[in-house]
Each structure stands twice: as C-alpha cells, then as structure tokens.
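Please examine the sequence and the structure shown below. The report that follows describes how the parts of the model are arranged.

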Amino acid sequence: MHELSIADQIVSMVELEAKEAHAVKVSSVTIDVSVLMEVEEDNLQFCLNTLKKEYSLTAETIFIYREVPVEFECLSCGEKVIISDLTAPVCQECGSSSLDIRGGDSIYIAEMEVEIDESRSTEKCDAGE
Ligand SMILES: [Zn+2]
C-alpha cells in the first residue's frame with residue numbers, strides 16, 4: 001500500500017508548514033498527483049482522512065485530489081509537450097520519441113488554505129497534552 005506512505009508524508013508536511021505559518025487550522029489542501037505515481041484516488045483519500053486525525057491542525061482538512069499529466073521536453077526540437085497517453089509518447093510537434101521528463105512526475109502540495117488566529121498568533125503554549 002504505497003498510498004499510506006504517501007498520505008503520511010503529505011499530512012506531516014502540511015502540519016509542519018501550517019505550524020510554521022502559525023495557522024490554527026488547515027481548511028483545505030490541494031494535492032497534484034502525477035499519473036505516473038499510479039495512485040488510487042479513493043485509497044489515498046481514505047489514508048489521508050485516517051491519518052489527518054492524528055494531527056491537531058489537519059483534523060478537519062479537506063483534501064482535494066488533482067491528477068496531473070506528465071510534462072516532457074523533446075530532445076529533437078526542444079518543444080515542451082504534455083502527454084496523456086504514456087504507452088507510446090511522441091512529440092506532437094515533430095513526432096520524435098526522444099523525450100525527457102521535465103515535470104508532473106511526482107506528488108506536490110499545490111495549494112494550502114489555512115486559518116490564522118490573530119489573537120493567538122504571538123506565542124502558543126497549548127501543546128495539547
Ligand atoms: Zn519534437
């Protein structure tokens with residue numbers, strides 16, 4: 001189940017970034033997932049919704065899943081191409097199959113919506129025991 005380890009990384013990264021931003025709550029997180037990761041959306045959502053409860057700031061976070069295509073650079077003509085059919089990727093400009101991956105090959109946190117409590121933003125001692 002690699003969805004579980006992916007979810008674990010996402011949630012702990014979100015929690016960390018939210019803390020650094022002095023957020024009191026993370027409302028939503030948009031995750032860009034490459035088609036190459038072969039992630040099952042339902043499975044990932046299930047893992048995220050289970051793991052988020054272990055953290056204080058993400059307990060009510062809504063995770064928005066976006067599947068992103070892979071971006072290539074053609075080594076023949078230098079064109080940047082987005083290819084959805086990965087079974088036989090060729091450059092749309094010149095038809096070459098010499099392509100290099102340039103992006104969309106991983107998982108990224110695209111957007112994060114947080115709530116910041118101004119009145120408590122100075123110093124927080126509620127470690128939640
Ligand atoms: Zn080309």
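## The hairpin

In this predicted model, the hairpin of strand 3 and strand 4 has five residues between the strands, and Gly78 takes a positive phi near 80°. Strand 3 covers residues 70-74 and strand 4 covers residues 80-83; the two pair in the antiparallel sense over four bridges.

Three strands form an open sheet in the order 2-1-6, and their pairing is mixed. Strand 2 (62-68) and strand 6 (107-115) each have a single partner strand and stand at the edges, so one side of each is left without a neighbour in the sheet. On average, neighbouring strands of this sheet are turned by 15° against each other, direction ignored.

Strand 1 (residues 25-34) and strand 6 run antiparallel and are joined by eight bridges. Val29 stands opposite Met112 in strand 6.

Helix 1, made of residues 2-20, lies across strand 1 and strand 6, and runs at about 40° to strand 6.

Which residues have the most contacts inside the largest nonpolar core? They are Ala7, Ile10, Val14, Val26 and Leu48, in a core of 17 residues. Two or more residues each come from helix 1, strand 1, helix 2 (41-51) and strand 2. Helix 1 gives the most, with five residues.

Apart from its neighbours within four places in sequence, Ile10 is in contact with Ile31, Leu48 and Ile109.

How values were computed. Residues numbered from 1 in each chain as written. Predicted model: local features only at pLDDT ≥ 70, side-chain atom pairs only at ≥ 80, totals over all residues. Pairing = 2+ DSSP bridges. Axes fitted to C-alpha atoms, helices over the stretch in contact; angles between N-to-C directions. Contact = placed C-beta atoms within 7 Å. Core = buried A, V, L, I, M, F, W, Y, C linked by C-beta atoms within 7 Å. Buried ≥ 20, exposed ≤ 12 C-beta atoms within 10 Å, placed from the backbone.
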